[in-house]
Amino acid sequence: AAVAGGSGTADGPAVIAHRGSSGIAPENTTPAIRAAVRQRADVVEIDVQRTKDGRLVNFHDCTLERTTDVEERFPGRASYRVSDFTWAELRTLDAGSWFDESFAGEPIITVREVIRLLGGRTGLLAEISPCGHYAGTGLPEQLAAELRSIPGYVDAALAGGRLGVQSFEVADAQAFHTALPEVPIGLLDADRPTEAELLELSTWADQVNPQWTVTDQALIDRVHELGMEINVWTVNEPGAMRRMRDLGVDGIITDFPQSLTQRG
Ligand code: G3P
Ligand code: CA
């Protein structure tokens, strides 16, 4: 079974909803997570950042302008980084209207809220934010502590193959791995990893998660030979989904999980 979800078997790759079902609802918000659960995605992928006062929230961009009304609500602020706002401030923002007016008022949600929405059945693939200002601030360790602090969560999720963590940053992935070694850890890569990189990764990582466009049979086979799994992103076209499935990837990260599950 693939990490955080389930497969690489006759069932086909794990279906991993990118920022929730972000093709049909505002990314990383409650409706996107709920849609992924309803559509029977195996796993929901989220983006972990930290507020000014230390809360872990689910938000992709380093700054708030693209997907919230922050400039209207807090005009003239010197910075619109997520990390420069308190949780109380962030919670007042509308993270839904940019996508469609029918989602007006949808708030930013915390990592804990995501886990509650997953309801113990749908898996979690949590990405540690690559935004540079978090480097060296203990974000991986805090995520590990947060997961551990939810009674029974890590053990139950691992038993079901429903938990993984990933990062574009080797240092962050390794820091998380050190803090919580039992949780599968993956390295995201926009480029095709070299043989030397794969060999090094195989000494500590469980997953190699490249962009689907750089992924071919040779890469998939090599990752598997080295005892790791491979989850590709972000695969939204049906033809590309079929191709990745037929090549034998372990997970497909997509904005449209329904295209793979045909449910909900
Ligand atoms: O999970 C893969 C994907 O999320 C990586 O890119 O920018 O969407 O976080 P990004
Ligand atoms: Ca991500």
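**Exercise 1. Determine how the residues of the shell around ligand 1 divide into nonpolar, polar and charged.**

*Solution.* The model is predicted; local features need pLDDT of at least 70, side-chain atom pairs count only at pLDDT 80 or more, and totals for chains, interfaces and linings use all residues. Residues are numbered from 1 along each chain as its sequence is written, while chains are lettered from A and ligands numbered from 1 in the order in which they are written.

Step 1. List the shell: His18, Glu45, Asp47, His60, Glu127, Leu188, Trp233, Thr234 and Ile253 surround ligand 1. A residue is near a molecule if its C-beta atom, placed from the backbone, lies within 6 Å of it.

Step 2. Apply the classes: Ala, Val, Leu, Ile, Met, Phe, Trp, Tyr, Cys and Pro count as nonpolar, Asp, Glu, Lys and Arg as charged, and the others, Gly among them, as polar.

Step 3. The shell holds 3 nonpolar, 3 polar and 3 charged residues.

**Exercise 2. Identify which residues of helix α1 are buried, and what they pack against.**

*Solution.* Step 1. Helices (H or I, at least four residues) and strands (E, at least two) are DSSP runs, numbered from the N terminus. Helix α1 covers residues 30–38.

Step 2. A residue is buried if 20 or more other C-beta atoms lie within 10 Å of its own, exposed if 12 or fewer, and partly exposed in between, with C-beta atoms placed from the backbone. In α1, Thr30, Ala32, Ile33, Ala35 and Ala36 are buried.

Step 3. These buried residues pack against β1 (14–18), β2 (43–50), β4 (109–110) and α4 (111–118). Contact requires C-beta atoms, placed from the backbone, within 7 Å.

**Exercise 3. State whether Arg19 and Arg40 are buried or partly exposed.**

*Solution.* Step 1. Arg19 is found in the loop between β1 and α1, and its phi is positive, about 60 degrees, although Arg19 is not a glycine.

Step 2. Because 26 other C-beta atoms lie within 10 Å, Arg19 is buried.

Step 3. Arg40 is found in the loop between α1 and β2; its phi is also positive, about 65 degrees.

Step 4. Arg40 has 17 other C-beta atoms within 10 Å and is therefore partly exposed.

**Exercise 4. Give the share of buried residues in the protein chain and the elements of its secondary structure.**

*Solution.* Step 1. Buried residues make up 47% of the 264 residues.

Step 2. The secondary structure of the chain comes to 11 helices and 10 strands.

Definitions and conventions. Contact = placed C-beta atoms within 7 Å.
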